[in-house]
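Subject: Structure handover

Hello,

Please find the structure below.

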Amino acid sequence: MTDYLLQLHDDALINIGEYAGKIYGPETYTRLGQTCKRMKRLLLPDDDASSQTIQNIIRSRKAYYTAQRSMSLETTQDLTIKSLKELALFEAWCDTPLCDDNRIPFPFASVDIDESMHDKIHYIMKIMQRYRSVTVQLDSHCGTIAPNSVATSFSRSRGESIKDVLYDQTRVEVIGWGKRIANKVARSDNHAFGELAREGRGWVEVYFVLSDGGDDTRTIMLPPRHEFYDRDRSATADRR
């Protein structure tokens with residue numbers, strides 16, 4: 001098969017690679033590009049963003065998964081995917097329940113993980129094991145009726161209870177927000193977590209983070225963070 005491919009012109013090989021990438025995804029495209037030096041030169045440039053073929057695959061696969069998962073424009077409009085590695089993470093995330101709902105709710109006044117959430121915990125660990133360069137961010141919240149004196153520390157404890165059961169805890173960051181976000185959410189009529197906040201219950205939001213590690217470090221976060229999170233982190237957020 002490889003000998004046959006090598007008899008083709010460069011343009012034909014690129015077209016075959018693009019077709020394979022659009023139909024079977026970024027990992028198949030990458031394996032095809034690693035079959036020989038010529039295929040690597042044609043299909044796997046040093047910078048994915050400079051390859052029209054790779055960008056065509058990204059657009060096609062992103063549109064497919066967005067339609068399949070019925071994701072809203074609000075979810076994906078700020079999500080820019082530029083590399084095969086980012087695309088692979090995006091597809092893996094889309095294949096989990098965390099794509100539909102990234103929250104892990106907690107019972108009232110409790111830091112114990114409900115048994116119904118074990119499936120989501122499993123998928124977090126699965127992605128961490130498959131993609132070793134991915135980190136997990138846990139934004140932790142308590143309900144609006146929590147006492148101010150313990151709100152931040154209590155919300156953080158909920159995130160820590162999830163971190164404690166995850167694979168490779170060095171790649172997990174917990175941020176305790178106290179009631180700062182819950183108060184905003186409770187006043188929103190259409191926020192997915194509004195009912196939890198108004199009931200006085202808390203939750204943890206799970207985000208997967210992938211950095212390219214370059215000089216101008218670019219980071220992709222799944223799902224994209226909600227506008228409730230301000231760019232500057234105030235002292236009310238306990239980040240460790």
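How closely do the axes of helix 5 and helix 7 approach, and at what angle do they cross? Before the answer, two remarks on the source. This is a predicted model, in which local features need pLDDT of at least 70 and side-chain atom pairs count only at pLDDT 80 or more, while totals for chains, interfaces and linings use all residues. Residues are numbered from 1 along each chain as its sequence is written, and side-chain values use heavy atoms, with hydrogens and water left out.

Helices 5 and 7

The axes of helix 5 and helix 7 (residues 84-94) come within 11 Å and cross at roughly 10°. Helices here are DSSP runs of H or I with at least four residues, numbered from the N terminus; axes are lines fitted to C-alpha atoms over the stretch in contact, and angles run from 0 to 180 degrees between N-to-C directions. Helix 5 is therefore roughly parallel to helix 7 (under 35 degrees; over 145 is roughly antiparallel, 65 to 115 roughly perpendicular, the rest oblique).

Helix 5 contributes Ile54, Ile57, Ile58, Arg61, Lys62, Tyr65 and Thr66 to the contact, and helix 7 contributes Leu84, Leu87, Phe90, Glu91 and Cys94 (contact means heavy atoms within 4.5 Å). By class, this contact has 8 nonpolar, 1 polar and 3 charged residues (Ala, Val, Leu, Ile, Met, Phe, Trp, Tyr, Cys and Pro are nonpolar; Asp, Glu, Lys and Arg charged; the others, Gly among them, polar).

The buried residues of helix 5 include Thr53, Gln55 and Asn56 (buried is under 20% relative accessible area, exposed over 50%, partly exposed in between, with a 1.4 Å probe and protein chains only). Just after helix 5, Ser70 has a positive phi of about 55°.

Helices 2 and 3

Helix 2 (residues 10-24) and helix 3 (residues 26-33) pack at about 150°, with axes 7 Å apart. Helix 2 is therefore roughly antiparallel to helix 3. Among the residues that meet are Ile16, Ala20 and Tyr24 in helix 2 and Pro26, Tyr29 and Leu32 in helix 3.

Cysteines

How many disulfides are there? The count is 0, where a disulfide is a pair of cysteine sulfur atoms within 2.5 Å. The sulfur of Cys94 is 4.3 Å from the closest cysteine sulfur, in Cys99, so it is too far for a bond. Cys94 is buried at a relative accessible area of 0%, and Cys99 is buried at 11%.

Regards

Note on methods
Helix = DSSP H or I, 4+ residues; strand = E, 2+ residues; numbered from the N terminus.
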